[in-house]
Amino acid sequence: MILSKIISVIEAYAPLSLQESYDNAGLIIGNSKEYITKALICFDVTEDVIDEAIKIGANLIISHHPIIFGGLKKINGRNYVERIVIKAIKNDIALYAAHTNLDNIINGTNKILAEKLGLKNIKTLSPQAGMLNKLIVYVPLAHKEKVQQSLFDAGAGHIGNYDSCSFETQGTGTFRASEGSNPFVGSIGEIHKEDEIRLEIIFPSHLKGRIISALLSSHPYEEVAYDIYKIENKTNNIGAGIIGEMDVAEDELLFLKKVKKITSAKGIKHTDFLKKKVKKIAICGGSGAFLINKAKSAGADAYITGDIKYHEFFDADNSILIADIGHYESEQFTNTLLFSIIKEKIPTFAVQISDISTNPVNYL
Ligand SMILES: [Zn+2]
């Protein structure tokens with residue numbers, strides 16, 4: 001399997017353009033034109049994981065955390081990052097990471113934990129603004145359905161749990177074709193009037209290339225008149241953290257015990273119990289302290305995350321149950337998610353999840 005194909009499957013699900021500005025997700029080592037015999041999925045790339053890849057004959061490692069994050073100026077093997085980079089290159093192993101681009105989609109990093117907790121009505125906890133565009137295109141009456149369907153098929157017209165969203169108004173378009181043109185209707189040199197539909201439809205900005213090509217291939221005109229605007233609306237499918245509800249409210253202690261069991265967490269650091277049942281649950285896998293206030297304002301009864309510092313626990317302020325279950329524990333299901341993303345689109349490709357737990361934190 002050519003590496004670019006595997007990358008396109010992952011990035012169709014978690015577009016690289018959705019990663020945070022500080023991140024370094026994507027193809028870190030390797031050439032996308034290389035052929036991959038087998039892929040190994042892990043959480044962090046460690047030297048042990050590279051040994052495992054060598055042992056099973058995998059020449060691609062897909063991780064959640066990117067091994068190179070802040071950049072490298074020298075590669076001497078003085079620290080674990082440099083040693084891993086050297087080892088991967090020497091053994092012809094490509095390294096790819098799906099990090100905050102996987103965090104920032106509603107069906108991403110938090111998806112499997114949310115499913116295991118039985119959360120329903122899932123929404124993004126901190127939806128991003130400025131991720132949407134609006135397309136306005138003028139289509140001759142008889143071709144409206146075809147153009148509209150092709151835009152829907154390319155991913156336009158989704159608002160929350162609704163698809164096929166668009167708006168249309170009818171009017172008259174005018175144009176005059178010059179010498180050398182090949183007009184769909186009308187004659188060269190004469191002003192032509194055509195009944196047209198002004199079709200308005202929104203789409204996530206990362207799909208812009210696909211939307212424009214769907215538009216141009218389905219529209220009958222030689223020169224298609226269209227406008228694309230950036231809009232400020234927040235989109236529910238893109239952003240950090242998620243929030244959802246359990247069917248039945250649960251006792252706080254029993255809920256945390258359930259979380260502990262599902263995640264195999266060795267310990268959970270949590271704020272005072274509020275002596276009420278929990279139903280609305282917010283989750284942000286990884287370092288999620290930045291979303292404590294969002295979880296509170298969204299009305300979450302409990303917030304499950306990792307890497308909460310001492311003073312940040314005070315932010316609960318008796319209005320939410322904050323539970324720090326550990327960075328690794330809160331994000332560990334990215335392995336299963338990446339596996340299923342690849343298997344769904346390329347079922348015959350040899351991919352497997354690493355047997356190694358790369359969690360560097362131990363509990364005494
Ligand atoms: Zn993380």
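1. Buried here means under 20% relative accessible area, exposed over 50% and partly exposed in between, with a 1.4 Å probe and protein chains only. His327 is partly exposed, at a relative accessible area of 24%.

2. A word on provenance: this is a predicted model, in which local features need pLDDT of at least 70, side-chain atom pairs count only at pLDDT 80 or more, and totals for chains, interfaces and linings use all residues. Residues are numbered from 1 along each chain as its sequence is written, and side-chain values use heavy atoms, with hydrogens and water left out.

3. Now the metal site. His65 (NE2), His327 (NE2) and Glu331 (OE) coordinate the zinc ion at 2.0 to 2.1 Å. Donors are N, O and S atoms within 2.8 Å of the metal (3.2 Å for Na, K and Ca); water is not among the atoms, so the site may look incomplete. The donor spacing in sequence reads H-x261-H-x3-E.

4. His327 and Glu331 lie about one helical turn from each other, because they are four residues apart in helix H11 (residues 327-331).

5. For the fold, the chain holds 12 helices and 15 strands; these are DSSP runs numbered from the N terminus, helices being H or I with at least four residues and strands E with at least two. Of the 364 residues, 47% are buried. The C-alpha atoms fill a box of roughly 85 × 55 × 40 Å along the principal axes.
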